[in-house]
Structure formats: C-alpha cells, structure tokens
Amino acid sequence: MITSTLPTPDSVGLHIAIIMDGNGRWATARARPRTMGHVEGARAVRRTVEHARRLGVGTLTLYAFSSDNWQRPKAEVDALLRLFRRTLAEETDRCSANGIALQVIGRRDRLPATLRRAIADAERATAHGRAMCLRIAVDYSAREAIVRAAAQLARERSPRADQPAFARALATAMHASVNVGDVDLLIRTGGEQRLSDFLLWECAYAELVFLPVLWPDFDADDLDQALCDFHHRERRFGALPRAVAG
C-alpha cells in the first residue's frame, strides 16, 4: 500500500464520507464471531478520525448502521448498539479535547432510550468543537430522509423551495444540527461498489473510491491513498474539462 505525500492543506475543509463495510467478513475469515469484527471496526474508526483530524478534514461522515440493518439477527443488532453506546462514552472526552464536534444523523425513535441519552450527552459535550465535524449515521436511510424533507417543505408551503431550502429541510430530517454541505469524497471499503442508501442527495457530485480492504484493516495509508486518487481527478460538476474549455 502506498502512502500519499500530499501536504495536509490539500485536505483542509473537505467533506469525506465512508461506508465502513467488511466487519463481518473480517471476523468470519478468522473464524471469530461477527461481533469481534465490529469491535475491531470501532478501533479502525478511532484511527480514521485521528488521521482525518491531522489532515484538516472539515467533515467526516461515517455509515455505522443503516435502517436496513434492523433485518440482521437481533443478537448482532443488540451487540452493535451496545458497542456504539460504549464507544460514545469512551471517545466523547477525546473528541472534545481535539475540537471535534460529534453529531449522530438518522432516526432516533427506534433506538434504545439509554443510547438516545448517550447521543445527546456526547453531542452536548462536543458542541464547541470547530476543528472537525464528525457525523455518525445510525438508523439512517437517505431515501427516507429525502422523503421526509420533501414532506416538510410541502407542509410549510415555502415560497422558496430551492436547493438551499431543501438542504436545510434534509438536515432537519436527519436530526443534524448543522447543514455541512455536499460530500467531496465517498470511500467504501470491503470491495462492494454501491452507495447502499447513503447520503444520496449529498453525494450527487462526490468522487467515489472503492477499496478492497475490509474495514477493520483500514488505516491511515488507505485514507491517504483515497485522497491521492481524489486529488488526481478533475471535478467538473457538469462543465467541460479544462483542456477543452480552454
């Protein structure tokens, strides 16, 4: 695996989103319970957050638990939610000390009350952070969020139902206190090449990078590789390539 030599300023202010895929396969390949894959995946989250903070990334959005994941075996779901609550308790002080504002996006009404309280406590304790916004998507569905945002605008009968207004409604639908803007770079680990109902509106012009590495093995070099790929692309947003336009 190569290590990018890009200077940190190239990554300042970027919005990076990651679909953290491969925990279960990582554990199965080692003849270990799937829950151990999630535990190792939580360690990969810490490594990634720390490295993104060093690089000056503005927003990091991680897909932790989709609305479709409720279909998994109850024992695995319960273990995932317990692990998330424990990780929140362990990492909140670290985020606060490093200027990282934590937000959890997605539905909350189906989460256990103890987890909802832990989320509220973590968000309140880190709200002062300005160095980076860390968003964790839990019980999240992009299609559901879009439908709820559209319904909200219809109820308001807003005379300015433009894209900024919709983005604000979408942030409200996801329980996000701040609209952080579009995704610049979307990374998916695990070898699959699909979005899986993640940030569909915000990823309209995102650059997509699919990596074969399973999430528990994801490290700083993998993030650097994805950023190196990103910085070698020309983002046109529907316009002509610079060589043609010039």
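Modeller: A residue is called buried under 20% relative accessible area, exposed over 50% and partly exposed in between, with a 1.4 Å probe and protein chains only. In this predicted model, buried residues make up 48% of the 246 residues in the protein.

Colleague: What should I know about the model and the numbering?

Modeller: This is a predicted model, in which local features need pLDDT of at least 70, side-chain atom pairs count only at pLDDT 80 or more, and totals for chains, interfaces and linings use all residues. Residues are numbered from 1 along each chain as its sequence is written, and side-chain values use heavy atoms, with hydrogens and water left out.

Colleague: How many helices and strands are there?

Modeller: The protein has eight helices and six strands. These are DSSP runs numbered from the N terminus (helices: H or I, at least four residues; strands: E, at least two). Their order from the N terminus is β-α-α-β-α-β-α-β-α-α-β-β-α-α.

Colleague: Which residues have the most contacts inside the largest nonpolar core?

Modeller: They are I16, L60, L62, L134 and I187, in a core of 42 residues. Helix α3, residues 74-97, gives the most to this core, with six residues. A second, separate core has 23 residues, including Y63 and A145. A nonpolar core here is a set of buried Ala, Val, Leu, Ile, Met, Phe, Trp, Tyr and Cys residues joined through side-chain atoms within 4.5 Å.

Colleague: And what does L134 touch?

Modeller: Not counting residues up to four places away in sequence, L134 touches V49, L60, L62, C95, I100, A101, L102 and Q103. Contact means heavy atoms within 4.5 Å.

Colleague: Changing topic, why is S96 classed as partly exposed?

Modeller: S96 counts as partly exposed because its relative accessibility is 22%. S96 lies in helix α3 and, leaving aside neighbours within four places in sequence, is in contact with A125, T126 and H128.

Colleague: Which element gives the most to the lining of the largest pocket?

Modeller: That is α2, with 13 residues. The lining has 50 residues, and M20, N23, V45, Y63 and A64 lie nearest the pocket's centre. A pocket is an open set of points on a 1 Å grid over the protein atoms alone, where a 1.4 Å probe fits, with protein on both sides within 12 Å along at least five of seven lines; lining residues have an atom within 4 Å of a point.
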